[in-house]
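Dear colleague,

My notes on what was found in it follow directly after.

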Amino acid sequence: MMKNNLAMTKNVKGSETKQFIVLSAVLFLLWVLLSGKMEAKLLGMGLAASLFSAWITMSLLRIPSVDRKSVYVAFDFPYVKYIVYWFWLFKEIVKANIDIAKVVLNPKLPINPQIVTFRRPMDNPLAHVTLANSITLTPGTVTVDVEGDLYVIHALTDGAAEGLEGGEGEMMKRVCALFNEEAPKGEEAKENHG
Amino acid sequence: MEIIAGIFLIAGLFLLFVAAIGILRLPDFYSRLHASGLSETLGMVLCFIGLIIYEGFTFTSVKLLIIALFFFLANPIGTHVISRAAYRSGLKPWTRKGD
């Protein structure tokens, strides 16, 4: 119960009640969709299982912030904005896919692999997860390492590297807006180890 | 409907094919990860869209959709873990200048 004490002493960001309700609802929906049966006994079992799972994972879903001063509730984020973001991301993925397919099929193979590093200070670890995942999902860029707020990214072409804009691209701005993070204040480290 | 589903499947399979070519053509481990990214994002999604259209609106197509979503969440984690392991064990990326 260390984790519980941890949460008591620090300030908790996000509502655990909201998380509990949403998580149980999502789990129950998943149960119904996967079983496909509408018998009262099975639905009751599903409801009990999803409530129990949401309750027992509550302490696991308190994630300490990057500066270790507060604790975030993992499943309390703006859901609608998050889905809108994924639609936008999907559009970007399609564009990047076509670009990389062209590069691969080009007989000259116009690649220029490079490591791009930048800093993007964000407090919520979920924002870091979303950003790193988005970068990896977009073909042409792979998040190699994230240490604190330092992103090490391998880019396949010059175009893909420029798309990151040294941590100031549209993707980063959107992720920041999504999690209500402040925009970083100067001192971005943009280094290209060609 | 079957024709539309077929078009999506063929587009997806074409991307998988391009990804395979990319894995063979690109010079080193890190750049090959990008090629595999083709197959695991748009290629996979196009195949799943084709299958969902073929299946119509049933429980099976909802399950296919859930699989596609899971793919999208789990895939970058796998790619990231592999590339980070390579990076931390000191594998240097291939570059034009060092050639």
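Across the interface of domain 1 of chain A and domain 2 of chain A, the rule finds one salt bridge, a term that stands here for a side-chain nitrogen of Lys or Arg within 4 Å of a carboxyl oxygen of Asp or Glu. The side chains of Lys13(A) and Asp123(A) form a salt bridge, with 3.7 Å from N to O. At the interface of the two domains of chain A, the rule also gives two residue pairs in polar contact, both at pLDDT 80 or more; a polar contact is a pair of N or O atoms within 3.5 Å, where within protein one must be able to donate a hydrogen and the other to accept it, and where residues adjacent in sequence count only if both atoms are side-chain atoms. On the side of domain 1 of chain A that touches domain 2 of chain A, the elements that give two or more residues are α2 (16-35), β2 (62-64) and β3 (70-73) of chain A, with helices (H or I, at least four residues) and strands (E, at least two) taken as DSSP runs numbered from the N terminus.

Please bear in mind that this is a predicted model, in which local features need pLDDT of at least 70 and side-chain atom pairs count only at pLDDT 80 or more, while totals for chains, interfaces and linings use all residues. Residues are numbered from 1 along each chain as its sequence is written, chains are lettered from A and ligands numbered from 1 in the order in which they are written, and side-chain values use heavy atoms, with hydrogens and water left out.

The domains themselves are domain 1 (2-73) and domain 2 (79-193) of chain A, with bounds that come from an automatic or database domain assignment. Contact (heavy atoms within 4.5 Å) links 10 residues of domain 1 of chain A with seven residues of domain 2 of chain A. The area buried between these two domains of chain A is about 670 Å², and carbon and sulfur atoms give 62% of it; buried area is the accessible area (1.4 Å probe) that two parts lose on being put together, summed over both. Ile63(A), Val66(A) and Tyr72(A) supply 63% of what domain 1 of chain A buries against domain 2 of chain A, more than any other three residues.

Chain A as a whole has seven helices and seven strands, and buried residues (under 20% relative accessible area, with exposed over 50% and partly exposed in between, 1.4 Å probe, protein chains only) make up 44% of its 194 residues.

Turning to the two chains, 36 residues of chain B are in contact with 39 residues of chain A. Between them, chain B and chain A bury about 3300 Å², with 72% of it on carbon and sulfur atoms, and Arg25(B), His34(B) and Phe72(B) supply 20% of the area that chain B buries against chain A, more than any other three residues. The rule finds two salt bridges across the interface of chain B and chain A; the side chains of Glu147(A) and Arg88(B) also meet in a salt bridge, at 3.8 Å from N to O. The side of chain B that touches chain A draws at least two residues from each of α1 (2-25), α2 and α3 (59-88) of chain B, and its largest share, 14 residues, comes from α3(B).

Lastly, Ser36(B) lies in helix α2 (residues 29-55) of chain B, and its side chain reaches the backbone oxygen of Leu33(B) at 2.9 Å.

With best regards
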